[in-house]
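Here is a walk through one protein model, contact by contact. Keep the structure open and follow the side chains as they come up.

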Amino acid sequence: MLFDVWAPTARTVTLHLPPAPGIPMAHSPTHRGWWQAEAPARSGTRYGFALDGGPVLPDPRSRRRPDGPEGLSAVVDHDAYTWRHPWRGLPLPGAVLYELHIGTFTAEGTFEAASEHLGHLAELGITHVELMPVCPFPGTHGWGYDGVALWAVHEPYGGPDGLKAFVDAAHGHGLGVVLDVVHNHLGPWGNQLPAFGPYFTDRHQTPWGAAVNLDAPGSDEVRAHLIGSALAFLRDYHLDGLRLDAVHALADNRAEHFLAQLSEAVDTLAAHTGRPLFLIAESELNDPRTTAPRSANGHGMHAQWNDDFHHALHTALTGETHGYYADFAHAPLAALAKTLTGAFFHDGTYSSFRGRSHGRPVRRPGAAQTPAHRFLAYAQTHDQIGNRALGDRLSALASPGLLACAAALVLLAPGTPMLFMGEEWGARTPWQYFTDHQDAALAEAVRQGRRREFARHGWDADDIPDPQDPATRGRSCLDWDEPSETPHARLLDWHRTLLGIRHAHPVLAHLPLGEADVRYAEGDSNRWLLLRNGPLYIAVNLSADGTARVPLPTAQPAPLAAWDSETRVVEGALRLPPESAAVLR
């Protein structure tokens with residue numbers, strides 16, 4: 001078997017396959033800075049590399065780290081897995097995503113346990129599961145955003161074969177699988193990449209320290225490392241797409257942005273495999289270039305998360321005004337209307353949170369139409385829940401009726417809808433920030449840092465959950481008894497109904513941004529919104545008191561669903577009870 005590694009500044013590199021003696025490696029005759037050696041090995045064989053006589057380190061491109069982030073690498077034979085379900089893929093247009101964290105989706109916290117609930121998602125009307133990061137990270141339980149081995153899979157979840165079995169089972173239920181990957185930083189514990197080469201650069205600083213090297217000397221190989229890991233997950237694990245974490249933190253001044261290079265590579269792989277593959281970016285820049293085609297000098301992302309929609313909807317439902325919600329709280333229904341028709345609320349407008357103008361409009365006069373499906377719509381995500389002090393969900397802040405309104409706007413709005421796990425039944429379990437750092441000093445630094453962060457916002461330090469306490473993760477696990485209980489069962493049925501309506505109207509997947517029309521009333525006691533999206537009208541009454549009279553532009557609309565049985569169409573208007581929603585055709 002050929003072993004190779006990029007170590008451009010090393011004088012000697014030795015391959016170690018314990019307990020056998022080390023094998024000196026030779027310079028690659030074709031790839032500058034690469035070393036290679038032949039050695040007998042099979043799937044599961046442990047190995048590592050020693051640079052200049054130093055300690056044995058795991059392979060930066062480890063396909064497996066069976067002993068944790070700091071342990072040796074292990075050989076993986078991807079061809080040894082027998083796939084049970086042929087899969088031709090599912091495209092992004094028409095998708096309904098479901099963000100899922102393997103470690104808290106079930107109490108067991110494994111791929112195998114999560115697979116037992118895939119039937120629930122298929123019946124609900126989900127098309128794609130979006131897994132939070134699964135690369136190896138410290139300990140057993142964590143969010144996954146401090147991973148250090150970008151080609152490998154977290155062993156406590158089930159390792160490489162566990163992920164394959166999960167994807168295979170999902171495909172058997174007709175579900176695609178998207179994976180959240182982190183290219184903007186690596187975790188602070190177990191990161192051995194700097195020993196091998198210039199994977200990081202001081203040219204740029206990020207919230208995590210030195211930036212991943214995308215534009216300094218040596219960046220060709222660093223880019224190849226990241227792109228190679230992305231393609232490996234799509235190819236070897238039969239994934240359908242990737243979600244790219246915080247791409248605004250990818251510091252890159254080269255003429256071709258890393259994202260454009262990555263999207264071209266993914267499009268090429270899609271053409272080779274015959275499966276639709278896509279990339280979804282998380283970006284706070286509100287920059288249309290993120291999703292603009294490469295042919296239009298964009299980055300070619302196939303979609304992006306749209307936090308502006310979330311912020312407008314959240315303020316409309318809860319009345320919260322702190323932090324970044326302040327910009328949306330002055331007139332939340334007006335803000336919501338703007339995001340429903342133009343995606344970004346901040347499209348060059350002044351942001352008081354940032355102290356400057358922010359964003360650019362997606363729609364410009366004379367420009368080509370932008371498909372609405374390129375922008376994800378959601379009421380809850382892991383960030384928007386877990387980064388709250390107590391990890392409280394929307395269900396802790398809003399009534400079941402308001403949750404029904406949120407569901408109607410998310411699932412039938414322009415764009416690609418996404419739910420966070422448990423949202424479909426209004427889960428009462430929080431989703432809190434938890435870690436399992438093995439380094440005591442790092443664990444204490446994280447614990448105290450989180451307490452200081454929320455103390456600045458008036459919280460008592462003792463009220464902030466300890467990330468290292470196993471009970472914090474335990475509280476965050478879904479309670480699978482809830483879906484059959486009151487009021488959760490009714491909310492679950494409502495979500496099924498809404499998704500049934502969405503799938504019955506496939507035209508919604510192909511409408512351009514700006515095609516929708518929004519009307520609303522925003523007063524102290526009169527707070528309703530009417531969205532026309534394609535052939536559908538979605539009406540919500542967010543007032544706690546008083547039935548809203550919502551004028552209907554259509555003379556004879558056909559009612560499709562109503563949260564409250566007292567909903568009526570009378571004399572060209574919809575009479576909508578408080579905190580309720582209705583859908584008409």
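**Charges, rings and a helix**

Start with Asp-517, which is partly exposed at a relative accessible area of 30%. Its side chain meets that of Arg-519 in a salt bridge, 3.4 Å from N to O. Arg-519 is partly exposed too, with a relative accessible area of 42%. Bear in mind that this is a predicted model.

How many salt bridges are there by this rule? The count comes to 20. One of them joins Arg-61 to Asp-4, and their closest N and O atoms are 2.5 Å apart. Asp-4 belongs to strand β1 (residues 2-6), while Arg-61 lies in the loop between β7 (56-57) and β8 (73-74). Is Arg-61 buried or exposed? Its relative accessible area is 18%, and buried means under 20%, so Arg-61 counts as buried. Asp-4 has 27% relative accessibility and counts as partly exposed.

The loop between β7 and β8 also holds Arg-64. Arg-64 forms a salt bridge with Glu-155, with 2.9 Å between the closest N and O atoms. Glu-155 sits in the loop between β10 and α4, and the pair links distant parts of the chain, 91 residues apart. Both ends are partly exposed: Glu-155 has a relative accessible area of 21%, and Arg-64 comes to 25%. Elsewhere, salt bridges join into a network that links Asp-180, Arg-243, Asp-245 and Glu-282.

Charges also meet rings. Arg-61 comes up again here: it lies over the face of Trp-151, 5.8 Å from the ring centre. Lys-164 has its charged end over the ring of Tyr-237, at 5.5 Å from the centre.

Now turn to rings against rings. A pair of aromatic rings is described by the distance of the centres and the angle of the planes. Searching the whole structure gives 21 aromatic pairs. Among them are Phe-111 and Tyr-157, which lie 5.8 Å apart centre to centre with 75° between the planes, an edge-to-face pair. Why does this pair tie together parts of the chain? Phe-111 is in helix α2 (residues 111-115) and Tyr-157 is in the loop between β10 (128-131) and α4 (159-172), so the pair spans 46 residues in sequence. Both Phe-111 and Tyr-157 are buried.

Compare Tyr-324 and Tyr-325. Their ring centres are 5.0 Å apart and their planes stand at 75°, so this pair is edge-to-face. Edge-to-face needs an angle over 60 degrees. Tyr-324 is partly exposed at 31% relative accessibility, whereas Tyr-325 is buried at 3%. Rings can also group: Trp-143, Phe-420, Trp-431, Tyr-433 and Phe-434 form one aromatic cluster.

Finish at helix α15 (residues 488-504). This helix has 17 residues and runs 24 Å from its first C-alpha to its last, close to the 24 Å expected at 1.5 Å a residue. Which of its residues are buried? They are His-488, Leu-491, Leu-492, Trp-494, His-495, Leu-498, Leu-499, Ile-501 and Arg-502. What covers them? The cover includes two helices, α3 (118-124) and α12 (400-411). It also includes the strands β20 (416-420), β23 (536-541), β25 (559-562) and β28 (580-584).

Key:
Residues are numbered from 1 along each chain as its sequence is written. This is a predicted model: local features need pLDDT of at least 70, side-chain atom pairs count only at pLDDT 80 or more; totals for chains, interfaces and linings use all residues. Side-chain values use heavy atoms; hydrogens and water are left out. Rings of Phe, Tyr and Trp (its six-membered ring) pair if their centres lie within 6.5 Å; planes under 30 degrees apart count as stacked, over 60 as edge-to-face and the rest as tilted. Helices (H or I, at least four residues) and strands (E, at least two) are DSSP runs, numbered from the N terminus. Buried means under 20% relative accessible area, exposed over 50%, partly exposed in between (1.4 Å probe, protein chains only). A charge sits over a ring if NZ of Lys or CZ of Arg is within 6 Å of the ring centre and within 35 degrees of the ring normal. The expected span of a helix is 1.5 Å times one less than its number of residues. Contact means heavy atoms within 4.5 Å. A salt bridge is a side-chain nitrogen of Lys or Arg within 4 Å of a carboxyl oxygen of Asp or Glu.
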